[in-house]
Every structure is written in structure tokens, then in C-alpha cells.
Amino acid sequence: MTRVLPARFAKAGEETGERHRLSVPGGLAALSLDAMASVAYGPEAVVIVLAAGGGAALGYTVPVTLAIAALLGVLTLSYRQVIAAFPQGGGAYGVAKAYLGRRASLVAAASLVVDYVLNVAVSIAAGVAALTSAVPGLLPYTVWLCIAVLGLVTAVNLRGIAHSARMFIVPTAIFVLSVLAVIAVGLPRDRPVVIAHPVAQAQDLRAVGVLLLLRAFANGCAALTGVEAIANAVPSFRRPRVRRAQRAEVALGALLGVMLIGISVLIVRFHIRPVRGVTVLSQVTEGSLGHGIGYYVVQFATVVLLALAANTSFGGMPVLTHLLAKDHNLPHLFALRGERQVHRYGIFFLTATAALLLVGTRGAMNTLVPLFAIGVFVGFTLSQAGMVRHWWTGRPPGWRPRAALNGLGALMTGVAAIVISVTKFPEGGWLIVVAMPLLVCLMSVVNRAYGRIGRRLELDRVPAHPRPRRSLAIVPVGDVNRLTQEAISTALSLGDRVVALRVVHPDDPEETTGFIRAWERWAPDVSLALVNDRHRRLVDPIVEYVRGVGEPHVFVLIPEVEPAHVWQRILQNQRGALLAHALRRDTDAVVCRLRFRLDERPVRAPGHNA
């Protein structure tokens, strides 16, 4: 019987659900951690490339950052349109699947997988770099610190602890206010407060080529990671969802742009150069605030925010693998949830791959950041191209400027992806260029396999009405005892005909004769089959007998003893498991393993599982 709740209760439940959804500040805190955290490594990625061109090239830090900020503006406006067009959530996978076809959606999914993995690796490496900049004595332990942070984040997520937006607001606010304070205090200064990291004078006579500027632009575009996160989670906002999500997207773009431009101006004003073991943000903070308490507040706020940014992948990656598994593009075990409602297999995959990257690069942030940008911009490009197709297909009023904006975004991000793939290919970029097609091929193979299984199971049609079938139940036995009695009793309820099967050795005729006499005294109405085997095998003769019975429907019931204590399992010979495995592999029989529990409690009817 179905109960219909009164309208007032339904409304109350709806209002309670709305209270748990995100406001604009909450959305910024919960969904923009990736983007905010990129301030810690984005400007440094630009400086690392320009430093190769000498002091003259470093003077282009601000123009390159302004170009990145312009692209940020285009992406922010583009994703406002994605939010309006996909209020159910407009991730690159969903947009590509709707408008660019299945193959493009798999490319988008592969880019998102790479994005999530590298976000964990980059965020942890950047957080540890901020920590070792503040505490140089920890620098030799970089890799161990990275693995420790990764293990901690993994353990928290396996516990299934729910993270509300409120717990992110304070660290996010502290980080943003700290960076803005660094910029506000540093801009009026003509020179840094302290110069604690002297470096060799840069050469100013080298030519600054277009390729170098393009590489710096593409490298620095890693600072744009995460700007799509709000568009992916529109249903998480309070009503009106679209308007709140759009406001959060604009606020994110504005804050990120101000921080990137402000830091780049201070980099040029303070003549910041790359220094081994010290991040660019650390140098800028030190130049603006000195080496006092303000410096440590910024550094530790950066460490905390980067750790939280890594944690966001543990929320997004399992959800993505769950969706891919539901679409039959990944093994279905990725769609399973554990007892704490967590997708364990997605978490394990994310942890393992991120650990390999951290160990392989020895936790070097500047090695990982360029790799990060490749997957990110492939996803950007597909998402924007899908939106162009969306406007072209529907052609609502005013669709041309909207399509032009998305087209411009697709063009700019596509160029950035190509430039960074080519320039970083020999320096590790080949790993991403190879990994993404391999992921697409793997998902295609899995999808085809599930397609064949679906056709064999006739999932697209209604099967015939079920009818009873005559069946044969075979019970391997070793002696006449209580275990045999339980097995035969259960088999009589399974099959129309029951056969007890025993493997005998021709050199033991007395033992065989004694068993036959005992059987005829105990259960003469149950058929007994004897199979001779000269090699004293057990599994192979039973498998051969089952394959040769010629019956279309056969049950094999394997009786086993379930010990009263776990340690007693070592006393078992495990023949039942070996026989079950061989029967499933080499026959079409339905294999059941009946467990007889050896406990001291009153005897109950044993169960069996197929």
C-alpha cells in the first residue's frame, strides 16, 4: 500500500532539501577550489618558461598573463551559457555526448579522467612545495610528504565523510583574502621587503620569439583549471539554480583574474626569478609582506587549500567513473558503492595513478603542471565545440553571438592544447598524448564487450514466458555421513533426478565395495555413479562426467564444511573451491556450494549459494 504524504510535509521536505543546497558563496567555496588553487602554480608556470629567454623575456610576464586573463573571460562567459543550456549539469562528457557523438564523448571522458588524476598530483605537489618553501628542512622528504598527504586524503574519502560547503568557506576565504592582501600591500612598493633568494643575473640579450611566448601562454593556462566545475554542478545550487550558478561563475572568473594579474605585476616589480626549492608565490609573498607571521599565514593557507583542491577530484572522479560504467564504457564494478556509499574502485584507481605520477616525478610541481593543461584544454575545446553545435541545432533568438562566443573559446583552447602538446611532448607530454587515446580505445573495447553480452542476453526484447524444466542434480560424495545427508536432501529439492557421484581408484576394490554396501543400506533409492581414475585425481574425472551426461540442465551441488573458527580454515583442503572453479570454466552446469556449519549451536538447516 502506498501512502501519499500531505502537501505540507512534501513542501517541508522540499524546503529542507533546498537549505542543504549551495548558495553563491557556498558554491564558490565548494566548487572553485581547483581554480583558486591554480594561483599557486599558474604564474610560476609562466615564469619557468620565460626565464629560459632571459630578463627581457621575463618582462613579458604581465602581457602573457593578460592574454590568459582574456581567455579566462571568454571561458567564464561561455560557461555561463553552458549553465543556461544544461541546467542538469553541463560537463564536457555530457555536452559532447549530446551534440558531438559517442567517440567525442569518450575523448571528453578520457580528458576528464586525466584531469582528475593530474589535479590530485599537481595539487598535492604544489601544496608540499608551499610547505617546503616555508620549512626548507623538509625539502629532502618531498616525495614522502606527497604520499602521506595522498594517503590521508584517500583514507578520509574511503570513510565516506560528507563534506558540506561550510567547511570549505573558511579556508577558501582565508586564502583569497591572503593573496589579495599580498597584492594590495605589494603594489605600492618599489622594491621587495627582503631578497632572501639571490639568483644569477639573467641575460637580457636573447631574442624573445613568438614560440617562447606561446609556450609561456600555454603553460600558464594551467591556471584556468576548474573554471568548468560550477557548470558541472548546477543542480547543487539553490533556486533559482541557473541564476545562482551563473553568478558564482562570474565571481570565480573575476576573483581568479584579479589574483593572476596582481601576482604577475608583483613578479615583474620584484624581479622574481625561479629558485629551486622555493615557489614563485612564496617569493612574491616574502617580497610583499616580509618573512613574518603574514608570510606563514599565506603559505599554510596555500597548503590547506591545495589539499582541499586535491580532495575535490575524489568527489568528481568516482562520479564520472560511475556514469561511464552505467553507459557501459567501464567495467560495472566502478558503479558499485561500498557500505559507506563511496565508489571504492574509482577512489582506488585515482589514488594508484596519482601515486605513480608523484613518485615518477619525485613530487616536482613544475613537471606536472604542463601535463595538467593538456587534458584540461581538450575538455574545454570539446565542451565549447559542443555548445556551438547546440546553438546551431536549436537556433533560438540571438543564437549567433552566443555561438560565436563559444566558437572563439573552442578556437583559443584548441590552439593552447596543440601548442602545449607539441612543446611539452619530449618533456613528458607524450604520456598524456598517448594515455588519452589508450583510454578511449579501452572504453570502446569495454563498450563492445558489453554490447555482445547484451545481445546474447537479449536485453532489448521481452523474453519468453518462464517454464519449469527437467533437471539433473549431481552431488560429489566421499562418504556416508551427515554432510552427505544434508547435500542429498538439498539436491532432492533442486532436481527431478539426483545422482551421487564418487571417484574411486581401481587399486582399492575393498574400499569401493564397502562404500557401495553402506550406500545401499542408507539410500538405495538415490542413484550412485562411480568413476574410476587411475591417477587418483578428483576434479578432472568429475568435470568429464558432468560434460558427458548429455542433460540440458544440470546442477552440481558441492557439499563443504564451514569451520566454527576462522583459523580452522587452514585445515581444509580447498578441493570444493577448485572443483567449483573448474566446473564453471569447463561446463555449462549450475554450480552450487552447500556450506555445513560446524558450530556448537543447535543444528539448523544449512543454506547454499549458487
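The largest cavity is lined by Y79, A92, S111, L112, D115, E228, G375, V376, G379 and F380; a cavity is a set of points on a 1 Å grid over the protein atoms alone where a 1.4 Å probe fits but cannot get out, and lining residues have an atom within 4 Å of a point. Two or more of these residues are contributed by each of α8 (102–134) and α17 (365–394), helices being DSSP runs of H or I with at least four residues, numbered from the N terminus. Helix α17 provides the largest share, four residues. By class, the lining comprises five nonpolar, three polar and two charged residues, with Gly counted as polar. The volume of this cavity is about 60 Å³, taken as the space filled by probe spheres set on the grid points. In total, three cavities of 30 Å³ or more are present.

The model is predicted, and local features require pLDDT of at least 70, side-chain atom pairs pLDDT 80 or more, whereas totals for chains, interfaces and linings use all residues. Residues are numbered from 1 along each chain, and side-chain values use heavy atoms, without hydrogens and water.

Helix α19 (residues 429–457) contains V434 as well as I432. I432 is buried, at a relative accessible area of 5%, while V434 is partly exposed because its relative accessibility is 40% (buried, under 20%; exposed, over 50%; partly exposed, in between; 1.4 Å probe, protein chains only). The C-alpha atoms of I432 and S111 are 9.0 Å apart, across a sequence separation of 321 residues.

Key:
On a 1 Å grid over the protein atoms alone, a cavity is a set of points where a 1.4 Å probe fits but cannot get out, and a pocket is an open set with protein on both sides within 12 Å along at least five of seven lines; lining residues have an atom within 4 Å of a point.
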